[in-house]
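Subject: Structure for your files

Hello,

Here is the structure we talked about, for you to open alongside this message. My notes follow below it.

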Amino acid sequence: MNIHPKPLIACRECDLLQREIPLSPGETSCCSRCGATLYRCSPDSLDRTLALVLAASLLFIIANVYPILSIEIQGDRNATNLYGAVSALWDQDMRSVSFLVFVTTILVPAIELSMMIFILLPLRQQRVPAGIPLLLRILQSIKPWGMVEVFMLGILVSLVKLTDSSSVIPGVALWSFGGLTLMLAAVATSFNPRDVWAHIKTDNAQGAVK
Amino acid sequence: MNRTGVSAGSMGLCSCHACGLVSRAESIFGTAHCPRCDARIHIRKPDSVRRCWALLIAAYILYLPANLLTIMETGSLVNYRKDTIMSGVVHLWKTGSWAISAIVFIASIIVPLFKLIALTLLLVSVKRRSTWWPNQRTRLYRMVELVGRWSMLDIYVVTILAALVQIHSLATVRAGSGAIAFGAVVVLTMFAAQEFDPRLIWDPLTKESEL
Ligand SMILES: [Zn+2]
Ligand SMILES: [Zn+2]
């Protein structure tokens, strides 16, 4: 049974049934009908991703603890960090909006980063922790709701809006958010869930089609 | 590029939306599960078109209050203003921040409108089993998914300003109820885009080739 054909793959976007082809490192295979990316070959992607995720987690903590911006009008100063902004909105009876901001800028990135550490750290030691399929599925479904990069642009727009009425002092968190945006983009490009799936054995072989 | 071809669905096969494994979608009773990750599998997202329409119509309805109601109130010693999304953009333009004004205009006005129109177009074309430009329509769907999140920009700006500009009597900023409607539009259109199944675009082509 050494000569079985390459596994079947169906395009996520147009459902075209195709056979996988071997790739050299750095190559990407695309659907022959609609051009969607099917899979990538990136050796060491898991190690690299883990390093990036750890760096991103550190920046995430800094970004949440320190103030983002502070303003000064006629000697009066005020500063806010992300959680302060969320709770200020909550106190203004904008609970749904405050909740939305909390989920997209704090909760989802925090869950994403901690789940990735939980998945990648044991894999490095050649252990496959239980419940990885569930974690990967959750990771995939919450991904669209992490919006750190949009929030970063929001900080910049606020900065410009404030400069003509008051003096604005960028806080430590502003720089950390900038770094976090870059780190998360790097994580997204380097993380290849396919490599994790490859570690997971298929339960009942008859269900999978060769 | 070949426009037709054998789809997994027409062979009774189904690729797992979570892990991508192709398996037989055989289940007359109950639901089929992926043999590798145990996720529920469907040949097409269930009830995709109906759910997408429902979310989209709700988004259309909220689109009006989102644009007509006040999103931000600014008060200071010298003046008091209420801004809708559009008047905020105009104000930025008048005060000379053209680049930022253009960014906010694109993120808050163009992107939501583009999403609503694009999803409507996709739903209508799928309903009519159109074989018209499937590649371009798939690309359109990818764009909708890619740009959707950026409409949250104004919500974040209001959040930051409302928390920061709280210097008693000198200057205060409050979020307006327009922000609730606007946030709802963003969330509803994002869910609508997720419910839509781009494989439906290609189904009429597959069926035609089989005849
Ligand atoms: Zn395709
Ligand atoms: Zn699966």
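The buried residues of helix α4 in chain A are covered by elements that include α3 (95-124) and α7 (193-197) of chain A. Helix α4 spans residues 132-142, and its buried residues are Ile132(A), Pro133(A), Leu135(A), Leu136(A), Leu139(A) and Ile142(A). An α-helix has 3.6 residues a turn, so residues three or four places apart point the same way. Please keep in mind throughout that this is a predicted model.

Zinc sites

In chain A, the zinc ion (ligand 1) is coordinated by the SG atoms of Cys11(A), Cys14(A), Cys31(A) and Cys34(A), at 2.2 to 2.4 Å. The arrangement is tetrahedral, because the 4 donor atoms subtend angles of 102 to 115° around the zinc ion (ligand 1). Along the chain, these donors follow the spacing C-x2-C-x16-C-x2-C. Of these cysteines, Cys11(A) and Cys14(A) are both buried.

In chain B, the zinc ion (ligand 2) has Cys16(B), Cys19(B), Cys34(B) and Cys37(B) as its protein donors, each through SG, at 2.2 to 2.3 Å. The angles that the 4 donor atoms subtend around the zinc ion (ligand 2) run from 99 to 114°, which makes this arrangement tetrahedral. The spacing of the donor residues in sequence is C-x2-C-x14-C-x2-C. Cys19(B) sits in the loop between β1 (13-15) and β2 (22-24) of chain B, and Cys37(B) in the loop between β3 (32-33) and β4 (40-41) of chain B, so the pair ties together parts that are 18 residues apart in sequence. Cys19(B) counts as buried because its relative accessibility is 9%, where the cut-off is under 20%. Cys37(B), at 2%, counts as buried too.

Strands

In chain A, strand β5 (residues 69-73) pairs with strand β6 (residues 76-80) in the antiparallel sense, over 5 bridges. Glu72(A) has Arg77(A) in β6(A) as its bridge partner. The hairpin of β5(A) and β6(A) has 2 residues between the strands, and Gln74(A) takes a positive phi near 45° there.

Chain B has an open sheet of 4 strands in the order β6-β5-β8-β7, with antiparallel pairing. The strands β6 (80-83) and β7 (166-167) of chain B stand at the edges with a single partner strand each, so one side of each is left without a neighbour in the sheet. Strand β5 (residues 72-76) of chain B is joined to β6(B) by 4 bridges, and the two run antiparallel. Gly75(B) has Tyr80(B) in β6(B) as its bridge partner.

The contact between the chains

How many residues does each chain bring to the contact? Chain B gives 70 residues and chain A gives 65 residues. Together the two chains bury about 5900 Å² between them, with 67% of it on carbon and sulfur atoms. Arg149(B), Tyr156(B) and Leu164(B) supply 12% of the area that chain B buries against chain A, more than any other three residues.

There are 3 salt bridges between chain B and chain A. One salt bridge joins Arg44(B) to Asp15(A), with the closest N and O atoms 2.8 Å apart.

Salt bridges within the chains

Side chains of opposite charge can pair when their charged atoms come close. Over all chains, the structure holds 11 salt bridges. In chain A, Arg124(A) forms a salt bridge with Asp47(A), the closest N and O atoms being 3.3 Å apart. This pair links distant parts of the chain, with Arg124(A) in helix α3 and Asp47(A) in helix α1 (residues 45-65) of chain A, 77 residues apart. Asp47(A) is partly exposed, with a relative accessible area of 41%.

In chain B, Arg50(B) and Asp47(B) meet in a salt bridge at 3.6 Å, N to O. Arg50(B) is exposed at a relative accessible area of 61%, whereas Asp47(B), at 38%, counts as partly exposed.

Arg51(B) and Glu195(B) also meet in a salt bridge, at 3.7 Å from N to O. Here too distant parts of the chain are linked: Arg51(B) is in helix α1 (residues 48-68) and Glu195(B) in helix α6 (residues 178-195) of chain B, 144 residues apart. Both residues are partly exposed, Arg51(B) with a relative accessible area of 38% and Glu195(B) with 22%. Elsewhere, salt bridges that share partners join Asp15(A), Arg44(B) and Asp203(B) into one network.

Regards

Definitions and conventions
Residues are numbered from 1 along each chain as its sequence is written. Chains are lettered from A and ligands numbered from 1 in the order in which they are written. This is a predicted model: local features need pLDDT of at least 70, side-chain atom pairs count only at pLDDT 80 or more; totals for chains, interfaces and linings use all residues. Side-chain values use heavy atoms; hydrogens and water are left out. Buried means under 20% relative accessible area, exposed over 50%, partly exposed in between (1.4 Å probe, protein chains only). Contact means heavy atoms within 4.5 Å. Donors are N, O and S atoms within 2.8 Å of the metal (3.2 Å for Na, K and Ca); water is not among the atoms, so sites may look incomplete. Four donors count as tetrahedral if all angles lie between 85 and 135 degrees; four count as square planar and six as octahedral if opposite donors are over 155 degrees apart and all others between 65 and 115; anything else is irregular. Two strands pair if DSSP finds at least two bridges between them. Buried area is the accessible area (1.4 Å probe) that two parts lose on being put together, summed over both. A salt bridge is a side-chain nitrogen of Lys or Arg within 4 Å of a carboxyl oxygen of Asp or Glu.
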